[in-house]
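Okay, thanks for coming, everyone. Let me put the model up on the screen, and then I'll talk you through it.

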Amino acid sequence: MHGSDNTAGEMSVEKNATLDTKGLMCPMPIVHLAKKVKEMKSGQVLELIADDAGAKEDVPAWCSRTANTLLSVEEEGKVWKFYIKLK
Amino acid sequence: MAEKFCMVVSEGSFDKAMMPLMMGTTAASMGMEVHVFYTFFGLKLLKKNAKPKLPGMMRLFTGMMVGKMKKLNIPSVDEMMKQAKELGVKFYACSTSMSMMGIKESDLIDGAKVLGASAFLNMAADAKLTLFIG
(Lines give C-alpha, C1' and ligand atoms only; values in the text may rest on other atoms or scores of the structure.)
Protein backbone atom coordinates (compact mmCIF):
# COMPACT_ATOMS: atom_id res chain seq x y z
CA MET A 1 0.00 0.00 0.00
CA HIS A 2 1.50 3.33 -0.95
CA GLY A 3 1.58 5.53 2.14
CA SER A 4 1.21 9.27 1.74
CA ASP A 5 4.79 10.36 2.04
CA ASN A 6 4.11 13.52 4.02
CA THR A 7 2.43 11.93 7.02
CA ALA A 8 4.68 10.63 9.75
CA GLY A 9 3.58 7.40 11.40
CA GLU A 10 1.62 6.00 8.44
CA MET A 11 1.73 2.21 8.24
CA SER A 12 3.55 1.93 4.96
CA VAL A 13 6.17 4.50 4.09
CA GLU A 14 7.22 4.88 0.49
CA LYS A 15 10.97 4.55 0.28
CA ASN A 16 13.49 5.30 -2.43
CA ALA A 17 16.34 3.19 -1.06
CA THR A 18 17.21 0.74 1.70
CA LEU A 19 20.42 0.49 3.67
CA ASP A 20 20.83 -2.68 5.71
CA THR A 21 23.40 -2.33 8.48
CA LYS A 22 22.49 -5.43 10.48
CA GLY A 23 25.56 -6.91 12.11
CA LEU A 24 27.37 -3.58 12.26
CA MET A 25 27.99 -1.66 15.45
CA CYS A 26 28.33 2.03 16.22
CA PRO A 27 29.68 4.06 14.48
CA MET A 28 29.44 2.05 11.27
CA PRO A 29 25.65 2.33 10.75
CA ILE A 30 25.99 6.12 10.90
CA VAL A 31 29.10 6.14 8.71
CA HIS A 32 27.30 4.09 6.05
CA LEU A 33 24.20 6.24 6.46
CA ALA A 34 26.17 9.42 5.76
CA LYS A 35 27.80 7.88 2.70
CA LYS A 36 24.49 6.55 1.33
CA VAL A 37 22.77 9.87 1.79
CA LYS A 38 25.44 11.56 -0.34
CA GLU A 39 24.34 9.38 -3.25
CA MET A 40 20.66 10.27 -2.87
CA LYS A 41 18.59 13.29 -3.82
CA SER A 42 16.83 15.87 -1.72
CA GLY A 43 13.34 14.80 -0.66
CA GLN A 44 14.00 11.09 -1.09
CA VAL A 45 13.27 8.63 1.68
CA LEU A 46 15.82 6.15 2.93
CA GLU A 47 14.96 3.04 4.92
CA LEU A 48 17.80 2.28 7.33
CA ILE A 49 17.79 -1.14 8.96
CA ALA A 50 19.94 -1.65 12.04
CA ASP A 51 20.30 -4.05 14.94
CA ASP A 52 22.94 -2.04 16.79
CA ALA A 53 21.94 -1.15 20.36
CA GLY A 54 23.22 2.39 19.86
CA ALA A 55 21.24 3.00 16.69
CA LYS A 56 18.05 3.80 18.58
CA GLU A 57 19.65 7.02 19.85
CA ASP A 58 22.31 7.51 17.16
CA VAL A 59 19.96 7.76 14.20
CA PRO A 60 17.67 10.45 15.65
CA ALA A 61 20.77 12.35 16.80
CA TRP A 62 22.25 12.17 13.31
CA CYS A 63 19.01 13.39 11.78
CA SER A 64 18.79 16.27 14.19
CA ARG A 65 22.41 17.32 13.61
CA THR A 66 22.22 17.11 9.85
CA ALA A 67 18.71 18.61 9.58
CA ASN A 68 17.25 15.51 7.92
CA THR A 69 13.78 14.34 8.97
CA LEU A 70 13.17 11.11 10.83
CA LEU A 71 9.70 10.19 9.56
CA SER A 72 9.14 7.07 11.62
CA VAL A 73 10.76 4.16 13.40
CA GLU A 74 9.62 0.53 13.40
CA GLU A 75 10.90 -1.94 15.92
CA GLU A 76 10.74 -5.71 15.32
CA GLY A 77 12.44 -7.46 18.22
CA LYS A 78 16.06 -6.35 18.04
CA VAL A 79 15.84 -4.87 14.56
CA TRP A 80 14.96 -1.23 13.94
CA LYS A 81 13.83 0.31 10.69
CA PHE A 82 14.29 4.07 10.41
CA TYR A 83 12.61 6.07 7.68
CA ILE A 84 14.56 9.21 6.92
CA LYS A 85 13.47 11.93 4.55
CA LEU A 86 16.39 13.82 3.09
CA LYS A 87 16.46 17.57 3.19
CA MET B 1 29.82 26.71 8.08
CA ALA B 2 30.52 23.22 9.45
CA GLU B 3 31.25 22.89 13.15
CA LYS B 4 34.82 21.97 13.99
CA PHE B 5 35.80 19.03 16.16
CA CYS B 6 39.44 18.81 17.24
CA MET B 7 41.17 15.96 19.02
CA VAL B 8 44.63 15.64 20.53
CA VAL B 9 46.31 12.25 20.80
CA SER B 10 49.53 11.97 22.80
CA GLU B 11 49.68 8.23 23.47
CA GLY B 12 50.36 5.52 20.93
CA SER B 13 48.48 2.48 22.19
CA PHE B 14 45.79 0.51 20.37
CA ASP B 15 42.89 2.10 22.21
CA LYS B 16 44.24 5.58 21.48
CA ALA B 17 44.54 4.58 17.85
CA MET B 18 40.90 3.51 17.59
CA MET B 19 39.23 6.24 19.62
CA PRO B 20 39.92 9.27 17.43
CA LEU B 21 39.10 7.23 14.34
CA MET B 22 35.75 6.07 15.70
CA MET B 23 34.76 9.46 17.03
CA GLY B 24 36.21 11.21 14.02
CA THR B 25 34.30 9.15 11.48
CA THR B 26 31.11 9.58 13.49
CA ALA B 27 31.53 13.34 13.71
CA ALA B 28 32.37 13.56 10.01
CA SER B 29 29.25 11.51 9.27
CA MET B 30 27.31 14.14 11.15
CA GLY B 31 28.70 16.95 9.07
CA MET B 32 31.45 18.13 11.38
CA GLU B 33 34.90 19.14 10.21
CA VAL B 34 37.33 16.92 12.10
CA HIS B 35 40.98 17.66 12.87
CA VAL B 36 43.16 15.23 14.82
CA PHE B 37 46.53 16.32 16.20
CA TYR B 38 49.07 13.64 17.06
CA THR B 39 51.90 14.51 19.40
CA PHE B 40 54.52 12.71 21.55
CA PHE B 41 53.83 9.00 21.56
CA GLY B 42 50.65 9.53 19.58
CA LEU B 43 52.86 10.28 16.60
CA LYS B 44 53.66 6.55 16.33
CA LEU B 45 50.07 6.08 15.22
CA LEU B 46 50.58 8.24 12.15
CA LYS B 47 53.47 6.19 10.83
CA LYS B 48 52.93 4.07 7.75
CA ASN B 49 52.25 0.44 8.75
CA ALA B 50 51.77 1.40 12.39
CA LYS B 51 50.77 -1.63 14.43
CA PRO B 52 49.60 -0.24 17.76
CA LYS B 53 49.51 -2.54 20.77
CA LEU B 54 47.32 -2.57 23.85
CA PRO B 55 48.85 -0.46 26.62
CA GLY B 56 51.52 -1.74 29.02
CA MET B 57 51.68 -5.46 29.72
CA MET B 58 48.38 -5.96 27.92
CA ARG B 59 50.28 -5.54 24.69
CA LEU B 60 50.69 -9.31 24.73
CA PHE B 61 46.94 -9.64 24.28
CA THR B 62 46.67 -7.32 21.28
CA GLY B 63 46.17 -10.30 18.96
CA MET B 64 43.23 -11.50 21.04
CA MET B 65 41.65 -8.06 20.95
CA VAL B 66 42.10 -7.80 17.20
CA GLY B 67 40.56 -11.25 16.78
CA LYS B 68 37.60 -10.35 18.96
CA MET B 69 36.96 -7.17 17.03
CA LYS B 70 37.02 -9.08 13.78
CA LYS B 71 34.43 -11.52 15.15
CA LEU B 72 32.23 -8.61 16.13
CA ASN B 73 32.59 -7.09 12.67
CA ILE B 74 34.30 -4.04 14.10
CA PRO B 75 36.59 -2.52 11.49
CA SER B 76 40.34 -2.75 12.16
CA VAL B 77 42.53 0.30 12.81
CA ASP B 78 43.57 0.36 9.14
CA GLU B 79 39.96 0.04 7.97
CA MET B 80 38.81 2.83 10.30
CA MET B 81 41.66 5.02 9.10
CA LYS B 82 40.52 4.47 5.53
CA GLN B 83 36.91 5.33 6.44
CA ALA B 84 38.08 8.42 8.29
CA LYS B 85 40.10 9.66 5.32
CA GLU B 86 37.19 9.00 2.97
CA LEU B 87 34.98 11.14 5.15
CA GLY B 88 37.48 13.99 5.16
CA VAL B 89 38.97 13.66 8.62
CA LYS B 90 42.26 15.56 8.74
CA PHE B 91 45.39 14.24 10.44
CA TYR B 92 48.23 16.39 11.74
CA ALA B 93 51.67 15.52 13.09
CA CYS B 94 53.37 17.67 15.68
CA SER B 95 56.58 19.01 14.18
CA THR B 96 58.54 19.10 17.46
CA SER B 97 57.53 15.56 18.41
CA MET B 98 58.73 14.43 15.01
CA SER B 99 62.19 15.76 15.76
CA MET B 100 62.15 14.27 19.27
CA MET B 101 61.11 10.85 18.04
CA GLY B 102 63.26 10.90 14.93
CA ILE B 103 60.28 10.60 12.61
CA LYS B 104 60.52 12.03 9.11
CA GLU B 105 57.62 13.29 7.03
CA SER B 106 58.19 10.41 4.62
CA ASP B 107 57.53 7.99 7.52
CA LEU B 108 54.01 9.35 7.91
CA ILE B 109 50.83 8.11 6.26
CA ASP B 110 49.70 9.88 3.10
CA GLY B 111 47.72 12.99 3.81
CA ALA B 112 49.15 13.70 7.25
CA LYS B 113 50.14 17.34 7.55
CA VAL B 114 52.97 18.58 9.75
CA LEU B 115 52.30 21.59 11.89
CA GLY B 116 53.06 23.11 15.26
CA ALA B 117 51.13 23.90 18.39
CA SER B 118 50.20 27.42 17.29
CA ALA B 119 48.58 26.28 14.10
CA PHE B 120 46.66 23.59 15.89
CA LEU B 121 45.57 25.85 18.74
CA ASN B 122 44.34 28.31 16.16
CA MET B 123 42.04 25.58 14.82
CA ALA B 124 40.95 24.49 18.26
CA ALA B 125 40.27 28.01 19.50
CA ASP B 126 37.08 28.32 17.53
CA ALA B 127 36.18 24.65 17.40
CA LYS B 128 32.80 23.64 18.78
CA LEU B 129 34.34 20.66 20.47
CA THR B 130 37.90 19.74 21.38
CA LEU B 131 38.78 16.49 23.09
CA PHE B 132 42.00 15.24 24.57
CA ILE B 133 41.95 11.56 23.74
CA GLY B 134 45.00 10.58 25.77
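Let's start with a helix pair: in chain B, helix 1 goes past helix 3 in a left-handed crossing. Left-handed here says that the near helix is turned anticlockwise from the far one by less than a right angle; clockwise would be right-handed. Helices (H or I, at least four residues) and strands (E, at least two) are DSSP runs, numbered from the N terminus.

Before I go on, the bookkeeping. This is a predicted model, with local features needing pLDDT of at least 70 and side-chain atom pairs counting only at pLDDT 80 or more, while totals for chains, interfaces and linings use all residues. Residues are numbered from 1 along each chain as its sequence is written, and chains are lettered from A and ligands numbered from 1 in the order in which they are written.

Back to that pair. Two packed helices are described by the angle between their axes and the distance between the axes. In chain B, the axes of helix 1 and helix 3 (residues 77-86) come within 9 Å, crossing at roughly 35°. Axes are lines fitted to C-alpha atoms, for helices over the stretch in contact, and angles run from 0 to 180 degrees between N-to-C directions. Who touches whom? From helix 1 of chain B we have B:A17, B:M18, B:L21, B:M22, B:G24 and B:T25, and they meet B:V77, B:M80, B:M81, B:Q83 and B:A84 in helix 3 of chain B. Contact means C-beta atoms, placed from the backbone, within 7 Å. Nonpolar is Ala, Val, Leu, Ile, Met, Phe, Trp, Tyr, Cys and Pro; charged is Asp, Glu, Lys and Arg; the others, Gly among them, are polar.

Zooming out, chain B has five helices and five strands, running β-α-β-α-α-β-α-β-α-β from the N terminus. The five strands make an open sheet, order 4-3-2-1-5, with parallel pairing. At the edges of that sheet sit strand 4 (113-115) and strand 5 (129-132) of chain B, each pairing on one side only. Pairing takes at least two DSSP bridges between two strands. Neighbouring strands of the sheet are turned by 25° against each other on average, direction ignored.

Inside the sheet, strand 1 (residues 4-9) and strand 2 (residues 33-38) of chain B pair over six bridges, and B:M7 stands opposite B:V36 in strand 2. Helix 1 (residues 14-29) of chain B packs on the sheet too, touching strand 1 and strand 2, with its direction at about 175° to that of strand 1.

Size check: chain B has a radius of gyration of 14 Å, which agrees with the value near 14 Å for a compact globule of 134 residues. That radius is taken over C-alpha atoms, and the globule rule is 2.2 Å times the number of residues to the power 0.38.

Now chain A: two helices and four strands, in the pattern β-α-β-α-β-β.

And how many residues are in contact between the chains? It's 12 residues of chain A with 11 of chain B. On the chain A side, helix 1 (28-39) and helix 2 (55-66) each supply at least two residues, and helix 1 of chain A gives the most, with five. That side of chain A has nine nonpolar, two polar and one charged residues.

How values were computed: Two residues are in contact if their C-beta atoms, placed from the backbone, lie within 7 Å.
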